[in-house]
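Trainee: I have a new model open and need a quick tour. Can we start with the sheet?

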Amino acid sequence: MAKWGEGDPRWIVEQRADATNVNNWHWTERDASNWSTEKLKGLFLEVRVENEEGACEVTEVSKLDGEASINNRKGKLIFFYEWNIKLSWTGTSKSGVKYKGHVEIPNLSDENDVDEVEISISLAKDEPDTNLMVLMKQEGMKKIRNAMSTYISTLKTEFTQGMILPTVNGEQTEPAPQLAAKAEENKTTASTVTAAPESKPIGVKIPTCKISLKDIFLTSPEELYRVFTTQELVQAFTHAPAIIEADKGGKFHLLDGSVSGKFIDLVPEKQIVMKWRFKSWPSGHFATVTLNFTDKGGETEVRLEGKGIPSSEEERTKQGWQRYYFEGIKQTFGYGARLF
């Protein structure tokens, strides 16, 4: 342990008259069970699918037993959740005949990826066979998995607020390289995340270079892809407003417009290609940044390739991506902490 007045400032509680757990550096826990119960009910009751045979929808959450909590230990968030769930569904054929059935999810937990969670869909006792079972087992099951995935993602954002603070000893942390250079300017302009035009002429020629980075995240490619392409999740790990239009040609603005660009190509769980720039770069100049996701069995390897980076910005850009994207994601969502 560091001596009083020395070492890591997060460890020094003696200096505070109120003995505040500075930056939640010590073990803290937040119960998310009640919130999870309401969230899961709402998500499951929105499940509805339809085709030429008719429509199916979840009509009741008949069983929802379990618990959820978030623990913070030395700046790392650890998520625990375990649920035993039973749903009721109703199918209505095009002719108006109704069928009833059940959905059982015996173990939705942090130990399994969403794709590995067992889902059993059946007809109620004495109900005759119907083609709506095929609809429910195919499209309905996809919607149910999506509902579970949304629950996990929102659990990791709505309940992480305040558990890891973006400050050190009450002072704002060091701003991202280049990302905060225009902070004062942004305060005096309209509060928008759209990058303002600059006076430099478009098309100025500058020397450029390539960069490459590689990192490992303790999560699935599906979850990590969602973090990079979901507005609420981006805002969570950057601790700032963002606009994310996660479609081909869609634009993005991060950190009050200090970072901006557009998506060139999106392959879910596999690849993101984007035009990307710092606001301080010459007007109209964008780098091409490609993120490739590789499933490593319980882990995801991310390879970043950047082309067209201004040569003078090579190290700052690499450090910015490593620290404020990769490390920010790991710290916020716990994807860098391995439990044994």
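Predicted model: local features only at pLDDT ≥ 70, side-chain atom pairs only at ≥ 80, totals over all residues.

Mentor: Seven strands make an open sheet in the order 9-15-14-13-12-11-10, with antiparallel pairing. Strands are DSSP runs of E with at least two residues, and helices are runs of H or I with at least four, numbered from the N terminus. Two strands pair if DSSP finds at least two bridges between them.

Trainee: Which are the edge strands?

Mentor: Strand 9 (208-217) and strand 10 (242-244), each pairing on one side only.

Trainee: Over how many bridges do strand 9 and strand 15 pair?

Mentor: Over 10 bridges, with strand 15 covering residues 300-310. Ile211 stands opposite Gly306 in strand 15.

Trainee: New topic: how many aromatic pairs are there?

Mentor: The whole structure has 14. Rings of Phe, Tyr and Trp (its six-membered ring) pair if their centres lie within 6.5 Å; planes under 30 degrees apart are stacked, over 60 edge-to-face, the rest tilted. Phe278 and Trp281 form an edge-to-face pair, 5.6 Å centre to centre with 90° between the planes.

Trainee: Is Phe278 buried or exposed?

Mentor: Phe278 counts as buried because its relative accessibility is 2%. Buried means under 20% relative accessible area, exposed over 50%, partly exposed in between (1.4 Å probe, protein chains only).

Terms used: Residues numbered from 1 in each chain as written. Heavy atoms only, no water.
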